[in-house]
Amino acid sequence: MDYPALERAARREDTAEVMRHAASELRHITSGHSPLRAVRHPLGFICLPVLRDGPYGVCVHVFGSEGPAGTPQPGPAVPDVHSHSWDLTSTVLYGRLGNRRMRVRERAEEPTHRVFEVHSDPSGVDEVRPTGRLVACSPGAEQTSVRGQTYDLPAGEFHTTVVPGGRPTATLVLGRTVPGRADLSLGPLRAPGHRMVRRMCDATQTARIARAVLRRMHEPGPEPPG
């Protein structure tokens, strides 16, 4: 996969080119020729990690998949306000996805949250470690994107993801790591550190998820407003 070419296509919202790349990778998975395995993310979606190449990454994120093999279950203690250590460019393949940016104030007189660092291990275990940073967090503007639309989130931007109505949605996510940044989340002021485990799907489940995404990608028409 040519990451720079795909990033340029996403940024100029060349939907046909982005869809072509996504469909090609998904067909590679469904054919059984890819060793890739889907991962059930603790934040409640399924990730198909298409590319990992140094600072670059490409994933297909699947929300609200149908069926016992495709329905992600979020962990009960997972904070949903977080920021990435990488610049994100995401194109909606189908469905609708909302991103609410959060206003986070440092050294607030009445803090509402503690900042946690998330350290991810290749084994699939995330160590969530409390820091000394106390902040006040309040909701900011929400942006909802539909099929074919692209949105950006810079590294360090606290946000939360919303799937309107819980309807099936998938995105092609491009990430470019920013040196010196850490993955962060917000949690209760007195919460201890904890671990989160990313569960791996088997080959059959992975192929089933990829087929479901391909099928929905080829359904006609844009997502309706509202």
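**Salt bridges and packing in a predicted model**

Guide: In this predicted model, the side chains of Arg 176 and Glu 7 meet in a salt bridge, with 2.4 Å from N to O.

Visitor: What makes the contact of Arg 176 and Glu 7 a salt bridge?

Guide: A salt bridge requires a side-chain nitrogen of Lys or Arg within 4 Å of a carboxyl oxygen of Asp or Glu. The N to O value for Arg 176 and Glu 7 is 2.4 Å, so the pair meets the definition. Because Arg 176 belongs to strand 11 and Glu 7 to helix 1, the bridge ties together parts 169 residues apart in sequence. Both residues also belong to a network of salt bridges with Arg 11 and Asp 152.

Visitor: Why is Glu 7 called buried?

Guide: Buried means under 20% relative accessible area. Glu 7 has 11%, and therefore counts as buried. Arg 176, at 29%, is partly exposed.

Visitor: How do you know that Arg 195 is exposed?

Guide: The term exposed applies over 50%. Arg 195 has a relative accessible area of 60%, so Arg 195 is exposed. Its salt-bridge partner is Glu 127, with the closest N and O atoms 2.5 Å apart. Glu 127 has a relative accessible area of 23% and is partly exposed.

Definitions and conventions. Residues numbered from 1 in each chain as written. Predicted model: local features only at pLDDT ≥ 70, side-chain atom pairs only at ≥ 80, totals over all residues. Heavy atoms only, no water. Helix = DSSP H or I, 4+ residues; strand = E, 2+ residues; numbered from the N terminus. Buried < 20%, exposed > 50% of the residue type's maximum accessible area, 1.4 Å probe, protein only.
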